[in-house]
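I opened the model to look up its overall dimensions, its sheets and a few helix contacts. The entries below follow the order in which I checked things.

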Amino acid sequence: MAEFNHSIMQVAVWNLAGFTLPGKPVGISARSKKAERQAEGLALLDAEFVTLVEVSPFNYIETLVEKLKKYGLDYNHTILKQPHGNIHIGFLHKPGIDVTNPRFIAGSEGDYAKGRQALVVDVKVAKLTATVIGVHLKSGRDRDEQKMRDSQCKAIGDFIATLQDTPGTKRRAVFLMGDFNMIPGQDVSNFHHLGGDDVMDFVSSWDLQDRFSHILEKGRANLLDGFAVSRKFSTDYIKGSLRLFPMHWTMDIGREAFRKEVSDHLPFVASFKLY
């Protein structure tokens, strides 16, 4: 296995906006300008580990891996096909990062019968050992959608609680990230259930409270994506390092053009100590 000679690891999360309406071609075409632009954006981000949401079609993650080679970047990838629907969660990770045991959290689609299940992997690099959970929760701002998210968050929160009460994984850090479809300060019950019994620290709610990650069609924006670390044994997280990556600025395009040409979400990136 290749060595990973860095003192920190940058961990990012990004929603690729691969959702398509019924009757339309599924996902993002490998030959599209959008695929080229997304590869360019990932190259500018240049994170060591990336959680990708709304990967579609299923093999689109392989398209990105190939296109990133043009920028001199070599990534491995881990993904499982969702039981329902055609948008998936996957992970990009550079050589030297050991990513194993991909599995879904049973029941994490909650009461949303055809919803996405949370995807879990175990990560080992240098002295860092962590369980990473990628999520894509139910969208919508009405009470019914919030209750569906409650059911999803309960399943994920219970999984984390069990993980931290199981011999062999009690001292393992937990990183939770993805498209929460939750707004800090509004979806209070969602955060409560997802965090379990005061288990998770939602650093995105604090470090990014004056930022946005989701770009709406009308030009407004909000903080729907999320990033959390377990309160215990996540001492490798470099406090204050989580930031919104202004990919639209780095690509020299406006926010509305970015929404149309690249994605309606901006990525987060955080740093973790490996020493």
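Entry 1, overall size. I took the radius of gyration over C-alpha atoms, with the globule rule being 2.2 Å times the number of residues to the power 0.38. For 275 residues a compact globule would have a radius of gyration near 19 Å, and the chain has 17 Å, so the value agrees with the rule. I note that this is a predicted model, in which local features need pLDDT of at least 70, side-chain atom pairs count only at pLDDT 80 or more, and totals for chains, interfaces and linings use all residues. Residues are numbered from 1 along each chain as its sequence is written, and side-chain values use heavy atoms, with hydrogens and water left out.

I then read the extent of the C-alpha trace, which spans about 50 × 50 × 35 Å along the principal axes of the chain. The chain exposes about 12,400 Å², and carbon and sulfur atoms supply 50% of that area (Shrake-Rupley method with a 1.4 Å probe; for residues, only the protein chains shown count as cover). Buried residues make up 56% of the 275 (buried is under 20% relative accessible area, exposed over 50%, partly exposed in between, with a 1.4 Å probe and protein chains only). Of the contacts with a separation of 6 or more, 70% are between residues 24 or more positions apart; contact means heavy atoms within 4.5 Å.

Entry 2, secondary structure. I counted 7 helices and 14 strands in the chain. These are DSSP runs numbered from the N terminus, helices being H or I of at least four residues and strands E of at least two. Two strands pair if DSSP finds at least two bridges between them.

Strand E1 (residues 8-15) and strand E2 (residues 49-55) run parallel and are joined by 5 bridges. Valine 11 has phenylalanine 49 in E2 as its bridge partner.

Strand E6 (residues 119-125) runs antiparallel to strand E7 (residues 128-136), with 7 bridges between them; aspartate 122 is partnered by threonine 131 in E7. E7 and E8 are parallel and also joined by 7 bridges, and alanine 130 has alanine 173 in E8 as its bridge partner. I checked the cover of strand E8 (residues 173-179) and found 7 of its 7 residues buried.

Axes are lines fitted to C-alpha atoms, for helices over the stretch in contact, and angles run from 0 to 180 degrees between N-to-C directions. H1 packs with helix H2 (residues 60-68) at about 60°, the axes being 9 Å apart. Among the residues that meet there are Ala39 and Leu42 in H1, and Leu64 and Leu68 in H2.

H2 is mostly covered, with 7 of its 9 residues buried. They are Tyr60, Ile61, Thr63, Leu64, Val65, Lys67 and Leu68, and they pack against H1, E2, E3 and E4.

Leaving out residues up to four places away in sequence, I found lysine 67 touching Ala30, Ala35, Glu36 and Ala39. Its C-alpha is 37 Å from that of glutamine 146, which is 79 residues away in sequence.

I located glutamate 145 in helix H3 (residues 143-163). Apart from neighbours within four places in sequence, glutamate 145 is in contact with Lys138, Ser139 and Gly140.
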